[in-house]
Amino acid sequence: MAEADPAAGDVPSPLADRHDFTLRQLQHFVAVAEHGSIATAAEHLFMSPTAVSLSIRQLERTLDTELLVRKRAQGAQLTPMGRTLLPHAKDVLASATRLTQEIATDDVLRGAVDVGCFPSLGPSMLPGFVRAFSSRHPAVKVRFREDALVRLVPELLAGALDLMLAYDIGLGDEVDRMVVATRRLGVMLPKDHWAADESRPIDFARLVREPFIELASPAAHRDAERVFAIGGATPDERIPSENFETVRSFVGRGLGWSITLQRPRNLTHEGLEVVVRDVPGVDPVDIVLAWRRGAALSRQARAFRDVVRDAAG
């Protein structure tokens, strides 16, 4: 067996050349790692704590290393080797699941696919993709979670998510991606705002002196800074919100202006109209479906990717 070359980035798995463990032992170890206690993991596994503890001790003996530190009042904590083993154990379990699915005796795709989604893309894009996928693969459950990229990306890289729908901003080289759509940055304004007149260019130097309704996310902050740079100043008053629809409603009420990559219907929840105008001189941003680079995607994840590709096309 060839040795791994650290200089080439090959990191051997702690499971290499030690084949006497079982998938069930790995499952028990991952459950304890995720729940932080043997008792809680045992409850979710429908087992006794003693049986779970014994299973993990057998795994430790097979690997000749300690994986957990068991503390009566603090649950179970991973040792350094336990933290090293955890992603490899998840990969092995995921591969076993994919193997079972690949050799299924019928042609009906079953199981589940886990999809992360950037919050502002949830209302505008995700429902259509899920509907199209469910129509084609009704026996597969789509489990989706909306959150900020700072939390979604680590989950994608750790294998907790199969796919992620997001803006291609700061995703890095650890993910592969498929472009779903392209959006231009726009200025969101009340219908009767002076800058809403499409017949003349926006005076950004004047606009940035007005209150800014800010979507509280790192990506939105970066986009806002690009617009402020065009105006040569930073707004004195900022009104932050973590909810895109709240931002739109504030703008509709004339409380300020904002920016957006979305082009939803121009009526707020109160029925007030807003106008979105393109920001000149700013590069467009891709919306992508991303997955961990080099990951062997499950049949469900590949099928979801195919549906998104067809729908986007």
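Student: Is Trp 257 buried or exposed?
Tutor: This is a predicted model: local features need pLDDT of at least 70, side-chain atom pairs count only at pLDDT 80 or more, and totals for chains, interfaces and linings use all residues. Buried means under 20% relative accessible area, exposed over 50%, and partly exposed in between (1.4 Å probe, protein chains only). Trp 257 has a relative accessible area of 0%, so it is buried.

Student: How many aromatic pairs are there?
Tutor: Rings of Phe, Tyr and Trp (its six-membered ring) pair if their centres lie within 6.5 Å. Planes under 30 degrees apart count as stacked, over 60 as edge-to-face, and the rest as tilted. By this rule, the number of aromatic pairs is five.

Student: What kind of aromatic pair do Phe 212 and Phe 228 form?
Tutor: Their centres are 5.1 Å apart. The planes make an angle of 85°. The pair is edge-to-face.

Student: How many residues apart in sequence are the parts tied together by Phe 212 and Phe 228?
Tutor: Helices (H or I, at least four residues) and strands (E, at least two) are DSSP runs, numbered from the N terminus. Phe 212 lies in strand β8 (residues 212-215) and Phe 228 in helix α8 (residues 218-231). Phe 212 is buried at 1% relative accessibility, and Phe 228 is buried at 2%. The pair therefore ties together parts whose separation in residues is 16.

Student: Which residues form one aromatic cluster?
Tutor: Phe 228 also pairs edge-to-face with Trp 257, at 6.3 Å centre to centre and 85° between the planes. Trp 257 sits in the loop between α9 (244-252) and β10 (258-260), 29 residues from Phe 228. The one cluster is formed by Phe 212, Phe 228 and Trp 257.

Student: Which ring does the charged end of Arg 305 sit over?
Tutor: A charge sits over a ring if NZ of Lys or CZ of Arg is within 6 Å of the ring centre and within 35 degrees of the ring normal. Arg 206 lies over the face of Trp 194, 3.9 Å from the ring centre. For Arg 305, the distance to the ring centre is 4.8 Å, and the ring is that of Trp 291.

Methods
Residues are numbered from 1 along each chain as its sequence is written. Side-chain values use heavy atoms; hydrogens and water are left out.
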